[in-house]
Protein chains: 2
Amino acid sequence: MNAEQIITVELGDRSYPIVVGSGLMNGGFDLSRYVAGADCLIVSSETVAPLYLNRVLPNLANKTVTSIELPDGESHKTLATMQKVLDALVETGANRDTTVIALGGGVVGDITGFAAACYLRGVAFIQVPTTLLAQVDSSVGGKTGVNHPGGKNFIGAFHQPQVVMIDTDSLQTLPKRELQAGLAEVIKTAAIYDLEFFDWLEQKMPALLAREPAALAHAIRRSCEAKAQVVAEDERESGRRAILNFGHTFGHAIEHSLGYGEWLHGEAVAAGMIMAAKLSGIAENEMSRLRALIVAAGLPHTPPEIAEHDWLQAMGMDKKVVAKRIRFVLLRELGSAYITSEYDEERLQHLIGASA
Amino acid sequence: MNAEQIITVELGDRSYPIVVGSGLMNGGFDLSRYVAGADCLIVSSETVAPLYLNRVLPNLANKTVTSIELPDGESHKTLATMQKVLDALVETGANRDTTVIALGGGVVGDITGFAAACYLRGVAFIQVPTTLLAQVDSSVGGKTGVNHPGGKNFIGAFHQPQVVMIDTDSLQTLPKRELQAGLAEVIKTAAIYDLEFFDWLEQKMPALLAREPAALAHAIRRSCEAKAQVVAEDERESGRRAILNFGHTFGHAIEHSLGYGEWLHGEAVAAGMIMAAKLSGIAENEMSRLRALIVAAGLPHTPPEIAEHDWLQAMGMDKKVVAKRIRFVLLRELGSAYITSEYDEERLQHLIGASA
């Protein structure tokens, strides 16, 4: 399949299309008509710009394009890096009609979207995600932001893009480990929302790992559709949207305890999903299917060794909060999730004690 | 009049009250019921905190209150100072239910509101403005932000407060020059929106300068009402809201050319209003009334000496932009303003040439 497929995120006057397909770069899809003014700034990274910057320029015919490169990696997802984007906007004389384009992975997208949200109290932006994780997760839904030493994504804004352009061709250069980490969020989407998609993933995992364009496009499209539906119901995460955090409470604790970057986000979420499924108490055959799919994707299914005390602290369950209990996303069964602060404490104790 | 008066800013689910009166501090008005969670952070300044922090605490019964002080002055309205507020929020373990309270003038309010907009992608905040300028202008309407070396308020967000509490008693300690600068925005509101209010100001200017509480409360209430109506029609300034910028194109050029802080914002706006009224070509008797009221408030009615080239550059009318013409807020007559890029070029030339 080479034709693009279009998903719409329904958010009233902030609605926008997600375009998924092969051959969209090199002018295959016209981004210019989403650029209201005459000029745009492309924000990319040291890794991605050399690969794809020149391939995106033909998609911006008749526009004045400038670009900057940010340093790579989660450690640079800071207010200081975001300020570099703002400086570049000021230097190029950007005005209210300027469009900012994020070309890269989740870090580039999150920083760029936040800069666009803040510049002149909000200018338009476009997402061109080039990693699987960004394509199925961070580029959809309007969450933007940077980290604070005190916590991940502590500083940010909700700011929806004008359009998200996902060219599956960009996945051909993605390191294998990052491809697998992206698949963790794909599996998550199926596990919480869509049993039929879960079945499909069980069939197609080898094709996905072999980077077959049609399989990748279907997985991305289905993930984006599901996320778009959840976001349309609850844009600012006051309730239901939190089901997207399945596996993330344990996952964040893993990332936090090991130090960010040791395990990739998707890897931590994979092990976290197994833990959350166990806490849910789903049937053993479903448990086995989830574990098998995660293993098939080449992802870890057990957490690293973390002391019980560190688990509790990393999940915000220190003495002050333990009284309140925290909220988990649990599975009713494969394909259906719910949010609750009613969970089996013994099971939790066993899960975090057993891994120590 | 000691009873408080309440104005509502109508913005759907973001609607909020502005409470104006004498004796609201020291527990005269219950702020606690606008604080959803158990704790709040008061952000104030080195000047205002010693005067009013202890007088606001009784308004927050049963809440856990922490506070920080920011350095005073427009030169500190930066991303770096905003980050101090974020650091304080992280240090105090603030969560999504925490409320941030701005206690001070416009700089404190703008920085604090922006920090509240960004922390965890948005937490609640409350405005307790203590200068006349903040009371009649910056605390109403949801514009928050900080300066960039490249431009004033270049970085920010629209973020509406839960409530604005305006105690006219706080004006008793305000330096006279700042009181007068605040009156410039009051006069502006009357000039663009409300001839009856303009008549009233002509009568009551001596009472306002003598800080009579009833007169101050009426002037503030009427200014807030007018601004609330304009903002309700056009929250994000895509059109009509820009009439609030009457006098500001020339005013900003004055501030920019002299260096910010040389003239107070209100002083620059006062001289800017005279220039904008001249560009409008209103009747000579109305021109005289506007000039007389500005003079009665102790405000400058002529701009400082600025070279024509500097005027043009500061107004963004360098060679690149001159072709487009810029948009001015002009008066049809006293009490009625409109936005236009159709203006008399000869008059403009005369205005900025004549002052050089």
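Asn62(B) is exposed, because 7 other C-beta atoms lie within 10 Å; a residue counts as buried if 20 or more other C-beta atoms lie within 10 Å of its own, as exposed if 12 or fewer do, and as partly exposed in between, with C-beta atoms placed from the backbone. The structure is a predicted model, in which local features need pLDDT of at least 70 and side-chain atom pairs count only at pLDDT 80 or more, whereas totals for chains, interfaces and linings use all residues. Residues are numbered from 1 along each chain as its sequence is written, while chains are lettered from A and ligands numbered from 1 in the order in which they are written.

Asn62(B) is found in the loop between helix H1 (48-56) and strand E4 (64-70) of chain B, where helices (H or I, at least four residues) and strands (E, at least two) are DSSP runs numbered from the N terminus. The phi of Asn62(B) is near 70 degrees, a positive value in a residue other than glycine. Most residues other than glycine have a negative phi. Glu237(B), in the loop between H7 and helix H8 (248-258) of chain B, likewise has a positive phi, near 50 degrees, and counts as partly exposed, with 17 C-beta neighbours inside 10 Å.

## Helix packing in chain B

Helix H5 (residues 176-193) and helix H7 (residues 213-233) of chain B have axes that come within 10 Å and cross at roughly 50 degrees; axes are lines fitted to C-alpha atoms, for helices over the stretch in contact, and angles run from 0 to 180 degrees between N-to-C directions. H5(B) is therefore oblique to H7(B), given that angles under 35 degrees count as roughly parallel, over 145 as roughly antiparallel, 65 to 115 as roughly perpendicular and the rest as oblique.

The contact joins Val186(B), Thr189(B) and Tyr193(B) of H5(B) to Ala219(B), Ser223(B), Ala226(B) and Lys227(B) of H7(B), two residues being in contact if their C-beta atoms, placed from the backbone, lie within 7 Å. Also in H7 of chain B lies Ala214(B), which is partly exposed, with 13 other C-beta atoms within 10 Å. Ala214(B) and Gln135(B) are separated by 79 residues in sequence and by 15 Å in space, C-alpha to C-alpha.

## A buried strand in chain A

Strand E5 (residues 99-104) of chain A is mostly covered, with six of its six residues buried. Thr99(A), Ile101(A) and Leu103(A) point one way from E5(A), while Val100(A), Ala102(A) and Gly104(A) point the other way.

E5(A) pairs in the parallel sense with strand E3 (residues 39-45) of chain A over four bridges, and Ile101(A) is the bridge partner of Ile42(A); two strands pair if DSSP finds at least two bridges between them. E5(A) also pairs in the parallel sense with strand E6 (residues 124-129) of chain A, over six bridges, and in E6(A) the bridge partner of Thr99(A) is Ala124(A).

## Contact between the chains

Between the two chains, 19 residues of chain B are in contact with 19 residues of chain A. On the side of chain B that touches chain A, helix H2 (79-91), helix H3 (106-118), strand E7 (143-148) and strand E8 (151-158) of chain B each supply at least two residues, and the largest share, six residues, comes from E8(B).
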